[in-house]
Amino acid sequence: MYLVQQIVFHPSGCTDTATALIDIFPDIRYFIPNAFTPNGDGSNDFFVGKGIVSGIQDFHFRIWNRWGEPVFETEDPFSGWNGRKNNTGQEMPAGVYLVVVTFRDPRGEPYEIKGFATLVR
């Protein structure tokens, strides 16, 4: 929210003032892909979301296998999953994984994005 004021002067000496409250709505966009190939070729090796995330709060990115076991979690919107358990453990098998991303926009409105990550080996 910005308070903007304009003051104008006329050559005859008259002045006038206009004031307006401008509401600049924060633009938040976050998208998750649906598949990735963590094979070390430098292309599509991480499952990570993309978008405009300036000002978001309480970011959580979680991935579970088909048995409900968590395999990856981060609070950094720029970190991604490399296909290993918690990014350091064993390689996870090819398959479909559940993804849930939650966060709040700069005004505190909650967002929840659900999807699937297909790991291709």
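This briefing covers the fold, the strand pairing and some single residues of the structure above. The model is predicted. The protein has nine strands and zero helices. Its radius of gyration is 23 Å, well over the 14 Å that the globule rule gives for 121 residues, so the protein is more spread out than a compact globule. Five of the strands form an open sheet. Strands β1 and β2 form a hairpin.

**Overall shape and surface**

- Along the sequence, the pattern reads β-β-β-β-β-β-β-β-β.
- Taken along the principal axes, the C-alpha atoms fill a box of roughly 80 × 30 × 20 Å.
- Of the 121 residues, 28% are buried.
- The exposed surface comes to about 8,100 Å². Carbon and sulfur atoms supply 54% of that area.
- Among contacts with a separation of 6 or more, 45% are between residues 24 or more positions apart.
- The protein carries 10 positive and 14 negative charges.

**The five-stranded sheet**

- What is the strand order in the open sheet of five strands? The order is β4-β9-β8-β6-β7, and the pairing is mixed.
- The edge strands are β4 (35-36) and β7 (70-74). Each of these pairs on one side only.
- Strand β6 covers residues 57-64 and pairs with β7 in the antiparallel sense. Four bridges connect β6 and β7. F61 stands opposite T74 in β7.
- Strands β6 and β8 also run antiparallel, joined by six bridges. Here W64 stands opposite L98 in β8.
- Strand β9 spans residues 110-119 and pairs with β8 over ten bridges, in the antiparallel sense. V100 stands opposite K114 in β9.
- Strands β8 and β9 form a hairpin with five residues between them. In its turn, G108 has a positive phi of about 90°.
- In a regular strand, side chains alternate between the two faces of the sheet.

- Strand β1 runs over residues 2-9 and is hardly covered. The count of buried residues among its eight residues is zero.
- Strand β2 (residues 15-22) pairs with β1 in the antiparallel sense, over eight bridges. L3 stands opposite L21 in β2.
- Five residues lie between β1 and β2 in this hairpin. G13, in the turn, has a positive phi of about 105°.

- L21 has its place in strand β2. Is L21 buried or exposed? Its relative accessible area is 57%, over the 50% cut-off, so L21 is exposed.
- Beyond residues up to four places away in sequence, L21 touches M1, Y2 and L3.
- L21 and A117 are 96 residues apart along the chain. Their C-alpha atoms are separated by 43 Å.
- T19 also lies in strand β2. Its relative accessibility is 49%, so T19 counts as partly exposed.
- Leaving aside neighbours within four places in sequence, T19 is in contact with L3, V4 and Q5.
- T19 and F116 are 97 residues apart along the chain. The separation of their C-alpha atoms is 49 Å.

**Asparagines with positive phi**

- Most residues other than glycine have a negative phi.
- N44 has a positive phi of about 60° although it is not a glycine. Where does N44 lie? N44 is in the loop between β4 and β5 (50-52).
- N44 is partly exposed, with a relative accessible area of 42%.
- N86 is not a glycine, yet its phi is positive, at about 55°. The loop between β7 and β8 (95-104) holds N86.
- N86 has a relative accessible area of 46% and is partly exposed.

Methods
Residues numbered from 1 in each chain as written. Predicted model: local features only at pLDDT ≥ 70, side-chain atom pairs only at ≥ 80, totals over all residues. Heavy atoms only, no water. Pairing = 2+ DSSP bridges. Helix = DSSP H or I, 4+ residues; strand = E, 2+ residues; numbered from the N terminus. Rg over C-alpha atoms; globule rule 2.2 N^0.38 Å. Buried < 20%, exposed > 50% of the residue type's maximum accessible area, 1.4 Å probe, protein only. Contact = heavy atoms within 4.5 Å. Areas by Shrake-Rupley, 256 points an atom, 1.4 Å probe, with all protein chains shown as cover. Lys, Arg positive; Asp, Glu negative; His and termini not counted. Charge placed at Lys NZ, Arg CZ, Asp CG, Glu CD.
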